[in-house]
Amino acid sequence: MFDFDVSQSQLEETAVAAAIAVGGFLLAWLVAKLSRVVIHAFTKTTETEIDDVLANALRGPVVAFVALQGLFIALRTLSYLDQHTNTIQRTWVALALMIVVIAVRRVVLELVDWLSTRPGVSELPGFDARSMPFVRRILNVLVLSVGTLLVMDAVGISISPLLAGLGLG
């Protein structure tokens with residue numbers, strides 16, 4: 001019915017790549033489980049909870065990056081995908097940038113939330129607690145917009161006309 005022309009070495013390569021990918025996902029799972037314990041051990045001795053907030057905001061993106069890296073290494077071991085190396089590389093860079101953007105977004109929003117709940121912050125000149133949801137939205141849009149432009153540039157889409165059209169370039 002199907003006639004695949006696959007050599008023994010290609011099957012072995014694929015098995016090794018699959019093992020590397022599974023290993024990467026297992027390592028990501030292990031990082032997810034151990035990071036809770038390690039973060040708690042390091043942050044319990046501090047006076048403020050800002051380190052807890054930042055560590056928890058970064059835990060998910062770090063786990064995602066470990067899994068992505070395992071998959072990327074697995075794909076790079078496949079010699080029959082050598083002709084697609086550039087595409088694999090660009091895809092990896094775009095996905096890694098997306099993870100970084102998500103991490104930055106999470107950190108910024110967590111810092112804004114942490115700052116808005118601090119005692120004594122409402123007495124700062126020019127601070128109005130009612131403006132925090134607006135500030136949060138603006139920062140969210142700003143980080144995601146810059147991140148989208150970075151990912152578009154990494155994939156090969158020219159962002160210069162977009163920036164010029166917005167009056168930024």
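Tutor: A residue is called buried when its relative accessible area is under 20%, exposed when it is over 50%, and partly exposed in between, using a 1.4 Å probe and protein chains only. This is a predicted model, in which local features need pLDDT of at least 70 and side-chain atom pairs count only at pLDDT 80 or more, while totals for chains, interfaces and linings use all residues. Residues are numbered from 1 along each chain as its sequence is written, and side-chain values use heavy atoms, with hydrogens and water left out.

Let us look closely at helix H4, residues 132–155; helices (H or I, at least four residues) and strands (E, at least two) are DSSP runs, numbered from the N terminus. The expected span of a helix is 1.5 Å times one less than its number of residues, so the 24 residues of H4 should span 34 Å, and the 34 Å between its end C-alpha atoms agrees with this. Just after H4, Gly156 takes a positive phi of about 110 degrees.

Within H4, the residues Met132, Val143, Gly147, Val151 and Ala154 are buried. An α-helix has 3.6 residues a turn, so residues three or four places apart point the same way. The buried residues of H4 pack against helix H3, residues 85–117, where contact means heavy atoms within 4.5 Å.

Because Asp113 lies in helix H3 and Arg136 in helix H4, the pair ties together parts that are 23 residues apart in sequence. Arg136 counts as partly exposed because its relative accessibility is 32%, and Asp113, at 26%, counts as partly exposed too.

For contrast, consider Arg59, which has its place in helix H2, residues 50–76. Arg59 is buried yet has no salt bridge, since the nearest side chain of opposite charge, Asp52, is 8.9 Å away; here Lys and Arg count as positive and Asp and Glu as negative, while His and the chain ends are not counted. Leaving aside neighbours within four places in sequence, Arg59 is in contact with Ala32, Ser35, Arg36 and Ile39.

Definitions and conventions: A salt bridge is a side-chain nitrogen of Lys or Arg within 4 Å of a carboxyl oxygen of Asp or Glu.
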